Amino acid sequence: MYAKFTAKPGMRDALAAILLEAAAAAESVPECELYLINLSETEPDVLWVTEVWSHAEAHAASLTQEATRATIQRAMPLIDGVEPVQLKPVGGKGLLFSSAAE
């Protein structure tokens, strides 16, 4: 999944710091295979988060954890909008793929 976060004006760095905390927390979640925070070079208030989870249920379960909910609550006042893009990787460098046809 890619998620485009549009921060309120001037709040991008503060939002990035919170998302980096979330990335650090994801280190201990084996089902989270990738969690990257990217700054847009062309849009000063935009961040992109790239996430790869072993399965959708693991991602959904992560959103119910108290620590995750607390992080979301801290981030919400800094966010003007979120645009999620659901994707299914089929191959390439960097991840192990059990089956490209799933």
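Guide: R74 counts as partly exposed, at 42% relative accessibility; buried means under 20% relative accessible area, exposed over 50%, and partly exposed in between (1.4 Å probe, protein chains only). This is a predicted model, in which local features need pLDDT of at least 70 and side-chain atom pairs count only at pLDDT 80 or more, while totals for chains, interfaces and linings use all residues. Residues are numbered from 1 along each chain as its sequence is written, and side-chain values use heavy atoms, leaving out hydrogens and water.

R74 forms a salt bridge with E21 (a side-chain nitrogen of Lys or Arg within 4 Å of a carboxyl oxygen of Asp or Glu). The closest N and O atoms of R74 and E21 are 2.9 Å apart. Because R74 lies in helix α3 (residues 66–75) and E21 in helix α1 (residues 12–26), the pair ties together parts that are 53 residues apart in sequence. Helices (H or I, at least four residues) and strands (E, at least two) are DSSP runs, numbered from the N terminus. E21 is partly exposed, at 41% relative accessibility.

A search of the whole structure finds 2 salt bridges. K4 pairs with E43 in a salt bridge, with 3.3 Å between the closest N and O atoms. K4 belongs to strand β1 (residues 2–7) and E43 to the loop between β2 (32–39) and β3 (46–53), so this pair ties together parts 39 residues apart in sequence. K4 is buried, with a relative accessible area of 14%, whereas E43 is partly exposed at 29%.
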